[in-house]
Amino acid sequence: MSEQFLKDEKRPTTRHVDAGDTGYSKTLKPRHVNMIAIGGAIGTGLFLGAGGRLAEAGPSLFIAYAVCGIFAFLVVRALGELVLYRPSSGAFVSYAREFLGEKGAYTAGWMYFLNWATTGIADITAVATYAHYWQLFSDVPQWVIALIALAVVLTVNLISVRIFGELEFWFALVKVGALVVFMGIAIFLLVTRHPVDGAVPGPGLITGNGGIFPHGLLPMLLIIQGVVFAYASVELVGVTAGETEKPEEIVPKAINSIMWRVGLFYVGSVVLLSMLMPWSSYSGAQSPFVTVLSHIGVPAAADVMNLVVLTAAMSSLNSGLYSTGRILRSMAVNGSAPQFTARLSRTQVPYGGILLTSGMCVLGVGLNFVVPADAFEIVLNLAALGILATWGMIMVCHLLFWRKTRSGELTRPSYRLPGSPWTELVTLAFLASVLVLMYADGGAGRTTVLCVPLIAAALVAGWYAVRGRVARTAARSDG
């Protein structure tokens, strides 16, 4: 990476004003933001991915979920403090612009776009895959289902932010409702000691099958690099701040609730699953919840859970189009993204950015046509790099914000990330270790890490292509 690209820029000493925050409607309600916060913390990583990870690491999976959940909470707590300092629909891109200069905003924004563009492809691939479970859709080509899913969510996002919030509210409600029902059934089975697949539920299924670490500590460490991505989207609550009334009241409550929800739904679910059946009974080929429910004779358990997982994928796609639309607009009004992504519709929706992300997802529809069996794996690993970069940028921005408050240039709000600056440094070290674990695990993860220099080179080349427009935009703003 060139010295020119890394050179520091002049940083403002007064409260930053971001042109990308103007023009939005404040129509997201507290219930929308709260459920978006829940939905961001619960996804297919739990509903579908927990089965394979239980088979790999045994009951120690709950420790991996707890550790990654703590760091996810610290990231979103840092973002929450920045939101209360200055609410912005540009979120961490806007904060990167303030504390790192336009190069920082450019890097943060395009890495976030990489995350959601590739995640969106994975989501529509997942929707098509889950739809094929039902015989009604078995003869419909995978790419056709993917295109229909994209069209539905795109339409919702283009209408208005309130419609987006309403759809995301119900998506999240389905996910939470499914988990609550399952946990209720699981607790009933534990209390009554009702046999599941011939085994009596209880802690004995953990202690009698190799304990918490049946394969040792290493498998648990290796799955951390997969578990951390189950929490992708928690940062979405920060993006909603620019389109809600009184974010200083709503956002802290939504963020604080993430911690106990992570403990209840992720850690609690894995502990219950481990006590209902031996960990070796689960597999990556089936949702662990379906595994349990089908063994106790719950009718249509697989159908219901398949619908829930499909809903989780649609929710993720919905969130991705929403957030990238706002992030790209924040970049475009400052010159580092295509100008058409700065445009707002008559209903205050940044349709240009939403359409650009959708265009990338259409490439995913093509991927489903060319390599339907490999599409999901190809894009999911690229999304991983975007998530790590986004979370890392949030912590760097908060660290620089904290330094300015220490020097008296800015004032911290009452809602704060505890333990600064050590919290930020430890979290950054954790994110770096995830990158190391990806490489150590070999396969697609190692290939993804080896792509980092190529992505860095593309960012540098892109910066040289847009820096003139960025300078002209800044000059007009100063004038």
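Here are a few notes on the helices and aromatic rings in this predicted model.

1. Some ground rules. Residues are numbered from 1 along each chain as its sequence is written, and side-chain values use heavy atoms, with hydrogens and water left out. As the model is predicted, local features need pLDDT of at least 70 and side-chain atom pairs count only at pLDDT 80 or more, while totals for chains, interfaces and linings use all residues.

2. Start with helix α5, residues 61-85. Helices here are DSSP runs of H or I, at least four residues, numbered from the N terminus. The 25 residues of α5 reach 36 Å from first C-alpha to last, close to the 36 Å expected at 1.5 Å a residue (the expected span is 1.5 Å times one less than the number of residues). Helix α5 is mostly covered, with 20 of its 25 residues buried. Buried means under 20% relative accessible area, exposed over 50%, and partly exposed in between, using a 1.4 Å probe and protein chains only.

3. Two packed helices are described by the angle between their axes and the distance between the axes. Axes are lines fitted to C-alpha atoms over the stretch in contact, and angles run from 0 to 180 degrees between N-to-C directions. Helix α7 (residues 102-131) packs on α15 at about 155 degrees, with the axes 8 Å apart, so α7 is roughly antiparallel to α15. Helix α8 (residues 142-159) crosses α15 at roughly 45 degrees, the axes coming within 10 Å, and the two are therefore oblique. (Under 35 degrees is roughly parallel, over 145 roughly antiparallel, 65 to 115 roughly perpendicular, the rest oblique.)

4. How many aromatic pairs are there? The count comes to 15, where rings of Phe, Tyr and Trp (its six-membered ring) pair if their centres lie within 6.5 Å; planes under 30 degrees apart are stacked, over 60 edge-to-face, the rest tilted. Y133 and W134 are edge-to-face, because their centres are 6.0 Å apart and their planes at 80 degrees. Y133 is partly exposed, at 42% relative accessibility.

5. F164 is buried at 1% relative accessibility, and Y322 is buried at 0%.
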